[in-house]
Amino acid sequence: MALLPILEFPDPRLRTKAGPVDPARIGDGAFQRLLDDMFETMYEAPGIGLAASQVDVHETFMVIDVSDDKTRPLVFINPVITARAGDQVYQEGCLSVPGIFADVTRANEITVQALDREGKPFEMQADGLLAVCVQHEMDHLIGKLFVDYLSPLKREMVRKKLAKARRQAAA
């Protein structure tokens, strides 16, 4: 396994809309290694979700593990949210927007359909943190970031703060 570079805001590649994964590709060794690499990258970062778009792979899939002990990895390939209910405000962060957290309102309960790691279809009901994570990662797959829920002024402040942090890291 290998750690993958995570794209950071405002990298324009994060705005790319991902295309569907060809189900015939799922059993391919290279695709399975990519999933393993994404999990390793996510755990090391550390994070609870990682969309393929964040590692410059513009296909519709993501990995998630919201368990405290990191023993419940989930793979969602070509996910679709089929139902939403309620609202919740959650303070979100993002591996592509390091060190920044903001309140975002999302559905409290969702139903999502996807293919699993083996290419088998499944449907899952999720609420709370898992629902937030699924929605957050699915936004990445359509080129949307959690900072897009912020006002333009706050988004510009985030951009400047990240640029300053990058300059200081390079010095």
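**Pockets and the annotated site**

The residues lining the largest pocket of this predicted model comprise 13 nonpolar, 8 polar and 2 charged residues. In the second largest pocket, the lining is made up of 8 nonpolar, 2 polar and 4 charged residues. The elements contributing two or more residues to the lining of that second largest pocket are strand 3 and helix 2.

Two or more lining residues are supplied by each of strand 3 (74–94), strand 4 (97–115) and helix 2 (128–141). Helix 2 makes the greatest contribution, giving 6 residues to the lining of the largest pocket.

For the second largest pocket, the space amounts to about 200 Å³. A total of 14 residues line the second largest pocket, with I81, R84, M138, D139 and I142 lying nearest its centre. One of these central residues, I81, also takes part in the pairing of the strands, where I81 stands opposite V112 in strand 4.

The strands that contribute to these linings belong to an antiparallel arrangement. Strand 3 and strand 4 run antiparallel and are joined by 13 bridges. Between strand 3 and strand 4 there are 2 residues, and the two strands form a hairpin. On pairing with strand 5 (residues 121–127), strand 4 again adopts the antiparallel sense, here over 7 bridges. A hairpin is likewise formed by strand 4 and strand 5, with 5 residues between them. Within the turn of that hairpin, G119 has a positive phi of about 90°. V112 of strand 4 is placed opposite I81 and also opposite M124 in strand 5.

An unreviewed UniProt entry places the feature "binding site" at C94, H136 and H140. These positions are spread over 47 residues of sequence, yet they cluster in space, the largest C-alpha distance being 10.3 Å. C94, H136 and H140 from this set are included in the lining of the largest pocket.

The surroundings of two of the annotated positions were examined individually. Because its relative accessibility is 10%, under the 20% cut-off, C94 counts as buried. When neighbours within four places in sequence are left aside, C94 is in contact with Q54, I100, H136, H140 and F146. This set of contacts includes the annotated residues H136 and H140.

H136, by comparison, lies in helix 2, the element that gives the most to the lining of the largest pocket. The relative accessible area of H136 is 7%, and H136 is therefore buried. With neighbours within four places in sequence again left aside, the contacts of H136 are E92, G93, C94, R106 and F146.

Methods: Residues numbered from 1 in each chain as written. Predicted model: local features only at pLDDT ≥ 70, side-chain atom pairs only at ≥ 80, totals over all residues. Heavy atoms only, no water. Helix = DSSP H or I, 4+ residues; strand = E, 2+ residues; numbered from the N terminus. Nonpolar A, V, L, I, M, F, W, Y, C, P; charged D, E, K, R; others polar. 1 Å grid on protein atoms, 1.4 Å probe; cavity = no way out; pocket = protein on both sides within 12 Å on 5 of 7 lines; lining within 4 Å. Points joined across faces, edges and corners; volume = space filled by probe spheres on them. Pairing = 2+ DSSP bridges. UniProt positions renumbered as here; feature names shortened; annotations may be inferred. Buried < 20%, exposed > 50% of the residue type's maximum accessible area, 1.4 Å probe, protein only. Contact = heavy atoms within 4.5 Å.
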